[in-house]
Amino acid sequence: MYTIKEVAEKMDVSEHTLRFWAKSGFFPFVKRDKNNIRMFSDNDLDWVKIVKCLRAVGTENKAIKRYIDLCIIGDSTIPERYGIIQATKLKAQKQMEELQKQMELLDFKEVFYQNLIKNNLKDTWNPMNNHVPEDAVV
């Protein structure tokens, strides 16, 4: 069994976030000890993993709760859960494509700046280097 602090460290999620998720009903089987402290089992960690995954992609809490409720209902909800996972995966793929575009731009800028530094060049792409003050005599 794990405390919320241990789960936070193990799963790289803040304690505050775990408490919020717990209050949102995302961990339906988490028990409390005699001091009313939440205690997570290894099985509960699986719930944390899927919630973390869904949240990382931007899934709304209401949709996550729906997914968890469907899991609790049982196997008759497998097709609907499958649909949720498919939609989430598609969303994640689109995010990855956008991140890949950002990485390509950052790679380009990194090489660009390396070249400026190596050759002691002026950054001609920086608008500030091409800015002429309004009161300047041209």
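Predicted model: local features only at pLDDT ≥ 70, side-chain atom pairs only at ≥ 80, totals over all residues.
Q: At what angle do α1 and α2 pack?

A: Helices (H or I, at least four residues) and strands (E, at least two) are DSSP runs, numbered from the N terminus. Axes are lines fitted to C-alpha atoms, for helices over the stretch in contact, and angles run from 0 to 180 degrees between N-to-C directions. Here α1 and α2 pack at about 110 degrees, with their axes 9 Å apart, and are therefore roughly perpendicular to each other.

Q: Which residues of α1 and α2 meet?

A: Contact means heavy atoms within 4.5 Å. From α1 come Ile4, Lys5, Val7 and Ala8, which meet Glu15, Leu18 and Arg19 in α2. Sorted by type (Ala, Val, Leu, Ile, Met, Phe, Trp, Tyr, Cys and Pro nonpolar; Asp, Glu, Lys and Arg charged; the others, Gly among them, polar), the contact of α1 with α2 has 4 nonpolar, no polar and 3 charged residues.

Q: How do α4 and α5 pack, and what is the angle?

A: Helix α4 (residues 61-73) and helix α5 (residues 78-119) pack at about 150 degrees, their axes 9 Å apart. The two are therefore roughly antiparallel to each other. Arg66, Tyr67, Leu70 and Cys71 of α4 make the contact with Glu80, Arg81, Ile84 and Ile85 of α5. That set divides into 5 nonpolar, no polar and 3 charged residues.

Q: What is the span of helix α3 between its end C-alpha atoms?

A: The expected span of a helix is 1.5 Å times one less than its number of residues. For the 15 residues of α3 (residues 42-56) that should give 21 Å, and the end C-alpha atoms are 21 Å apart, which agrees.

Q: Which residues of α3 are buried?

A: Buried means under 20% relative accessible area, exposed over 50%, and partly exposed in between (1.4 Å probe, protein chains only). In α3 the buried residues are Asp44, Leu45, Trp47, Val48, Val51 and Leu54. They pack against α1 (4-11), α2 (15-23), β2 (38-39), α4 and α5. After α3 comes glycine 58, with a positive phi near 100 degrees.

Q: Is threonine 88 buried or exposed?

A: Threonine 88, in helix α5, has a relative accessible area of 10% and is therefore buried. Leaving aside neighbours within four places in sequence, threonine 88 is in contact with Leu54, Val57 and Thr59. Threonine 77 sits in the loop between α4 and α5 and is buried too, at 8%. Not counting residues up to four places away in sequence, threonine 77 touches Leu70 and Cys71.

Q: Where does aspartate 12 lie?

A: Aspartate 12 lies in the loop between α1 and α2. With a relative accessible area of 65%, aspartate 12 is exposed. Its phi is near 55 degrees, a positive value in a residue other than glycine. Asparagine 36, in the loop between β1 (31-32) and β2, has a positive phi of about 70 degrees although it is not a glycine.

How values were computed:
Residues numbered from 1 in each chain as written. Heavy atoms only, no water. Parallel < 35°, antiparallel > 145°, perpendicular 65-115°, else oblique.
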